[in-house]
Structure formats: C-alpha cells, structure tokens
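Please open the structure in your viewer and keep the selection panel at hand. The stops below are given in the order in which they may be selected.

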Amino acid sequence: MARNAPSAYGRDIACISDADAMFTAVTGIAVVAQSALHRLLTDSVLGPGGDDWGFDVRRLLGGSTSRLAAMQPVLSEVLQRDERILTADVTLTPTIARGLADVILSVVCTTAEGPFSFVKSV
C-alpha cells in the first residue's frame, strides 16, 4: 500500500468533542479520527454508498455485556470501510453514569501515517 502524505487526508474543522468556536482547522490523522467518530455515531449518510455507511453506537445503550462484546468486531469492520483506516480495534464497556446505562467506547486505529485513538462515553 502506498504511503499517503497527511495532506492527502484532507482538511476539516476541529470537532471531536464539539464544533470549535474558533473554527480551528485539522489535517492529517486528526481528520481521519473525526471521520471515525462520525462513522460510529451515524448509520447512513446522503449520497452514493451512504446506506449502512456507519453504525450508531447509541443503539447499544443498555445492551448486555455479551451483546457489546459481539458488536466489537462489527464496529471494527465499520471503521475499516474508510480506506484510510488500515486496522481498527474497538472495545465497548458497559457502565452506569449518573444512574443511567452508558457505554465506554474505546477505539485504536492505524493509518498509513500512524495510529490514533479515542475514548468516548456514549
């Protein structure tokens, strides 16, 4: 596989936790990380190939430990639909947050430019 320059991954507005009020631009692996998070919070998008584009992990809230474990490889496959992501490891951990069922989403991915990871409470 050819190694792409980080600029080949595009440019976007920083929005991993929320839209950046200063409209800070991100490039390289940060763009791929944002796209990965978006893919795990959205089932489908408009346009060609948009059906079943991603998987909204919020549908797993309240799921059993066995259901969450079964979905980990499915979500890894969903992330690898992005041609920039070479490998993806997903861990889903059930937890209780403020008395409500919650899921901790841990993602570790590799790209041609190196790895990225994030942990989010769903």
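A salt bridge is taken here as a side-chain nitrogen of Lys or Arg lying within 4 Å of a carboxyl oxygen of Asp or Glu. The model on display is predicted, and by this rule it holds four salt bridges.

Begin by selecting Asp43 and Arg59, which form a salt bridge with their closest N and O atoms 3.0 Å apart. This pair links distant parts of the chain, 16 residues apart. Both Asp43 and Arg59 are in the loop between helix 1 (29–39) and helix 2 (65–79). Asp43 is partly exposed, at a relative accessible area of 31%.

Next, select Asp56 and Arg58, whose side chains meet in a salt bridge at 2.8 Å, N to O. Is Asp56 buried or exposed? Asp56 counts as buried because its relative accessibility is 14%, and the limit for buried is under 20%. Arg58, by contrast, is partly exposed, with a relative accessible area of 43%.

Then move to Asp82 and Arg84, another salt bridge, in which the closest N and O atoms are 2.7 Å apart. Asp82 is buried, with a relative accessible area of 6%.

Which residue in strand 5 is the bridge partner of Cys109? Highlight Phe116, which is that partner.

Terms used. Residues numbered from 1 in each chain as written. Predicted model: local features only at pLDDT ≥ 70, side-chain atom pairs only at ≥ 80, totals over all residues. Heavy atoms only, no water. Pairing = 2+ DSSP bridges. Helix = DSSP H or I, 4+ residues; strand = E, 2+ residues; numbered from the N terminus. Buried < 20%, exposed > 50% of the residue type's maximum accessible area, 1.4 Å probe, protein only.
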